[in-house]
Amino acid sequence: AKVNFLHSALLIISALFIFSPLQAQKMIKGSAIVTSRSGSAYAKGTSGERVAIASHETLEPSGLTLSTRRDASIFLTFSNGVALAVDEESVVQCIDYTQRPFDKEDQVRGLEPSISNLKIRMKEGQIAIASNQLSPLSELRIQLPKGELRLHKGCCLIRLNKTGLHITAFEGNLIYYYP
């Protein structure tokens, strides 16, 4: 009797995990909107092709490299609520951006409507990042030439130039992993 009960309990628990919404939802490519753009700013895809980045343009940022020249800037808002500002003479690559699908009802809550993974590589220049509504289950990582920055929640400014790396946290929590 104990064996049958244990076997039945394991089957029920297994069925719960199989039919759980978290297991059923897969990660898809996330999107971003160009909220503002000025000057000579452009984006290139993984194979080197130019990608349109006009203001209010929606794009899939995975694999894109954003570059700005003098007196140029790009501002993006990702579908997970993260805002990214790329200052003049900067090069930033979005290595990967995936997110679980969500619907309009999920957006009403105020926090990120799903779970996401966003990896950015900063090559040079200056960026500002704000992530005040990121889900606790999501990841936001910024790869730097030496180390990696993980932003949990908050706003920070990262500058990488000939004098070195400068990280300024205005609020929130971030961790800098140095090799």
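**The second largest pocket, the cysteines and the overall fold**

A pocket is here an open set of points on a 1 Å grid over the protein atoms alone, with protein on both sides within 12 Å along at least five of seven lines, and lining residues have an atom within 4 Å of a point. The model is predicted, and local features need pLDDT of at least 70, side-chain atom pairs count only at pLDDT 80 or more, and totals for chains, interfaces and linings use all residues. Residues are numbered from 1 along each chain as its sequence is written, and side-chain values use heavy atoms, with hydrogens and water left out.

The lining of this pocket consists of D87, E88, E89, S90, E124, G125, Q126, R159, L160, N161 and K162. Six of these residues are charged, four are polar and one is nonpolar, where Asp, Glu, Lys and Arg count as charged, Ala, Val, Leu, Ile, Met, Phe, Trp, Tyr, Cys and Pro as nonpolar, and the others, Gly among them, as polar. At least two lining residues come from each of β10 (116-131) and β12 (148-161).

Zero disulfides (pairs of cysteine sulfur atoms within 2.5 Å) are found in the whole structure. For C155, which is in no disulfide, the nearest cysteine sulfur is that of C156, 7.9 Å away. C155 is buried (under 20% relative accessible area, with a 1.4 Å probe and protein chains only) at 18% relative accessibility, and C156 is buried at 2%.

The chain contains two helices and 13 strands, taken as DSSP runs (H or I, at least four residues, for helices; E, at least two, for strands). Of its 179 residues, 37% count as buried.

Technical notes. On a 1 Å grid over the protein atoms alone, a cavity is a set of points where a 1.4 Å probe fits but cannot get out, and a pocket is an open set with protein on both sides within 12 Å along at least five of seven lines; lining residues have an atom within 4 Å of a point. Buried means under 20% relative accessible area, exposed over 50%, partly exposed in between (1.4 Å probe, protein chains only).
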